[in-house]
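Biologist: I have a structure open and would like to learn how to read it. Could you walk me through it?

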Amino acid sequence: MDFTFQDLSGTFSVADIAIAMSLSFVLSAMIGWIYRATHRNVSYSQSYVQTLVILGMLISLIMLVVGSNIARAFALVGALSVVRFRNAIKETRDVGFIFLVMGVGMAVGTRFYLLAIVAAVAISLIIVIMHRFNWFQLNTRRQVVKVQVPSDDDYTLVIQDVLIQHTDEFELVSMESIRGGALLELMYTVKIKKGHEPADVITALRARNHGQPVTVLTGYDQTDL
């Protein structure tokens, strides 16, 4: 029996379909595991990783359907333009993984199997190396300090004295009246000195602002008292 399908997009067999679906699943799942292993922040989503795998297989299927038929490709673009995605991407890195599985799915769907395998493995290896050796890390410890002070007196110089003791540099970025004008919230960007911790800054500031709230925001966590 002849298990081939002939249509406007060309000829492909059951074996082509099985290979495309299986290979796109394996490569997309591998990329998903790489994403999971190299993810740093708290915004990890299992649903997102599962979507990566589905997307890789879906793109592979779409490329099989479209083939080299230009009219069908334009029809597909028009159909997909109706879809609206309302979930915002939390990290720019996530966008890179979406394009990676799409590229792999396109290569598999157009039956460039070796290209898909080599590209997926090579790019995944680069991602692991960048994660392992922490490439492009900015060693500057820069935080945001928010301190609330009574508005009945000028505490700016007092706050700056504390920041001079605990930071290498600082800059006032905003000043806002809160609680009906009873308090003034000052926001600084600072570079904390080596050997000093955010808790030290908080303790020193609370000793000067009559126990009002002080917040230190860092790149990965938040210290608030």
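Modeller: Gladly. Let us begin with a term: contact means heavy atoms within 4.5 Å. Please keep in mind that this is a predicted model.

Biologist: Let me try that term on one residue. Leaving aside its neighbours within four places in sequence, which residues is S28 in contact with?

Modeller: With those neighbours set aside, S28 touches L52, V53, G56, M57 and V101. S28 itself belongs to helix α1.

Biologist: Is S28 buried or exposed?

Modeller: The cut-off for buried is under 20% relative accessible area. S28 has 1% relative accessibility, so it counts as buried.

Biologist: Now for helix pairs. How are two packed helices described?

Modeller: By the angle between their axes and the distance between the axes. Take helix α1 (residues 14-38) and α5: their axes cross at roughly 5° and come within 10 Å. Angles under 35 degrees count as roughly parallel, so α1 is roughly parallel to α5.

Biologist: Which residues of α1 and α5 meet?

Modeller: On the α1 side there are D16, I19, L23, L27, M30, I31, I34, A37 and T38. Their partners in α5 are Y113, A116, I117, A120, V121, S124, I127, V128 and H131. By type, the residues of this contact divide into 14 nonpolar, three polar and one charged.

Biologist: And at what angle do helix α4 and helix α5 pack?

Modeller: Helix α4 (residues 92-109) and helix α5 (residues 113-132) pack at about 160°, and their axes are 7 Å apart. Over 145 degrees counts as roughly antiparallel, which means α4 is roughly antiparallel to α5. The crossing of α4 past α5 is left-handed.

Biologist: What residue types make up the contact of α4 with α5?

Modeller: That contact has 11 nonpolar residues, no polar ones and one charged. From α4 come R93, F97, L100, V104, A107 and V108, and they meet Y113, L115, A116, A120, I123 and I127 of α5.

Biologist: Where does N134 lie?

Modeller: N134 is in the loop between α5 and β3 (142-150). Phi of N134 is also positive, near 55°, and N134 is not a glycine. With a relative accessible area of 29%, N134 is partly exposed.

Key: Residues numbered from 1 in each chain as written. Predicted model: local features only at pLDDT ≥ 70, side-chain atom pairs only at ≥ 80, totals over all residues. Heavy atoms only, no water. Axes fitted to C-alpha atoms, helices over the stretch in contact; angles between N-to-C directions. Helix = DSSP H or I, 4+ residues; strand = E, 2+ residues; numbered from the N terminus. Parallel < 35°, antiparallel > 145°, perpendicular 65-115°, else oblique. Left-handed = near helix turned anticlockwise from the far one by under 90°. Nonpolar A, V, L, I, M, F, W, Y, C, P; charged D, E, K, R; others polar. Buried < 20%, exposed > 50% of the residue type's maximum accessible area, 1.4 Å probe, protein only.
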